[in-house]
Amino acid sequence: MRHPNAHLMGQPKARERLATPALLLDLNVLDENLRSGAQLVGAASKSLRPHFKAHKCLGIARRQLDLGAVGLSVATISEAEVASILDTEILLTSVISTETQIDRAIKLHTSGVHIILVVDSIAVPRMLHAKLGPDAAAVKVLIDCDMGRHRSGVPSLEEARALGESLCENPSVDLIGLQAYAGHLSHLVSWPDRQIAFQKFCNDVDAIRQSLDDLLPASPILTGGSTGSLPLDINGPLTELQCGSYALMDIEYLNVEHPETGWPFDAAIKVQTSILSANWADHVTTDCGDKWLASKYGLAPQITRGAPDTAQYRAVSDEHGMITLHDAQGLSVGHKVEVIPPHCDPTINLFSAYHVFDQEKLVDIWPIAPRGS
């Protein structure tokens, strides 16, 4: 189905004529973010395996791979299936458990997709062994370690050791390293608090690595990390980083305290909305509510264009937003306003496409692909 804004590509004043709500992507900011991330990680002699779940876009993933990413991280089987067209190594960072998920992972593996799975129990490796034929190549796996979120992962050194020994006895899997994702560090607003928590993370990773040293290859993959902890991770024990939001950024990441060097990333995405009603002196109503803006920590979108600096934006219902300001006289029906979303990943998941802008010119529309299971 043709996108309703496709006819505006290359047209004058396209930005003022979009059907809204619309997700806008500033191509120049995106490319600068991608270059900065690749340079920062490369200078630390680490690998970058950016998370596809952040942007869900093949066009952005190709740019990351062109800049030297060793592969992609994905959160779901559907993301892995879509990303498999890129012919790169794919790490599924979420543990899987159901027969349907395992069958889909095996289908990718046996069709030649370079996929790595993470496991935190012996159940899935046993199912892989039962389903894979004796001549099938072993599936590469990482032990998923609980670094404090208590969401998944082995919770103790003893359980990590027992799982590692079981994996080494299973001919259908090839243990190549550890996943140590400490997502709770990413949005710690205080930089000193993040430093303290990161030191504990480093100590825990070192202890797990030493406990499993004889079961792991000589140079195991130690993967994890995120955008919020990136300034710390480049000096930590991980060998590869899974940052995703650095490509696009949002209010929640921009809100956390920076190291002294500051963030090398800026907001590449905006959500554009139109004013629907302007009958009040102190506010106007827009067409962009909760169905188009996701907030994880309760922060509001930040207006960047189309309204005074003193104006404030908030979603007030599923379909509607409200801009409040002292004098709304200058904002009329049909007027366009742009905001940085609070949290990029789930906001992007609400849209079907990016409107890619080079300055004021609409140069492309990139589909947002895997949004199902």
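**View 1. Lys13 sits in the segment before β1.** Here strands (E, at least two residues) and helices (H or I, at least four) are DSSP runs, numbered from the N terminus. Although Lys13 is not a glycine, its phi is positive, about 55 degrees. Is Lys13 buried or exposed? Lys13 counts as exposed, because its relative accessibility is 59%. For these labels, buried means under 20% relative accessible area, exposed means over 50%, and partly exposed is in between, using a 1.4 Å probe and protein chains only.

A quick word on what you're looking at: this is a predicted model, where local features need pLDDT of at least 70, side-chain atom pairs count only at pLDDT 80 or more, and totals for chains, interfaces and linings use all residues. Residues are numbered from 1 along each chain as its sequence is written, and side-chain values use heavy atoms, with hydrogens and water left out.

**View 2. A cis peptide bond joins Thr20 to Pro21.** Omega for this bond is near 0 degrees. Pro21 belongs to the segment before β1, the strand that covers 22–26.

**View 3. Lys56 lies in the loop between α2 and α3.** The helices on either side are α2 (52–55) and α3 (58–66). Lys56 isn't a glycine, yet its phi is positive, at about 50 degrees. With a relative accessibility of 9%, Lys56 counts as buried.

**View 4. Helix α3 has several buried residues, and Gly68 comes after the helix.** Which residues of α3 are buried? They are Leu58, Gly59, Ile60, Ala61, Gln64 and Leu65. Gly68, which follows α3, has a positive phi near 110 degrees.

**View 5. Stepping back, the protein chain holds 11 helices and 17 strands.** Its radius of gyration is 22 Å, close to the 21 Å that the globule rule gives for 373 residues, so the chain is as compact as a globular protein of that length. That radius is taken over C-alpha atoms, and the rule is 2.2 Å times the number of residues to the power 0.38. Along its principal axes, the C-alpha trace spans about 70 × 45 × 35 Å. Of the 373 residues, 53% count as buried. Take the contacts (heavy atoms within 4.5 Å) between residues at least 6 apart in sequence: 70% of them join residues at least 24 apart.
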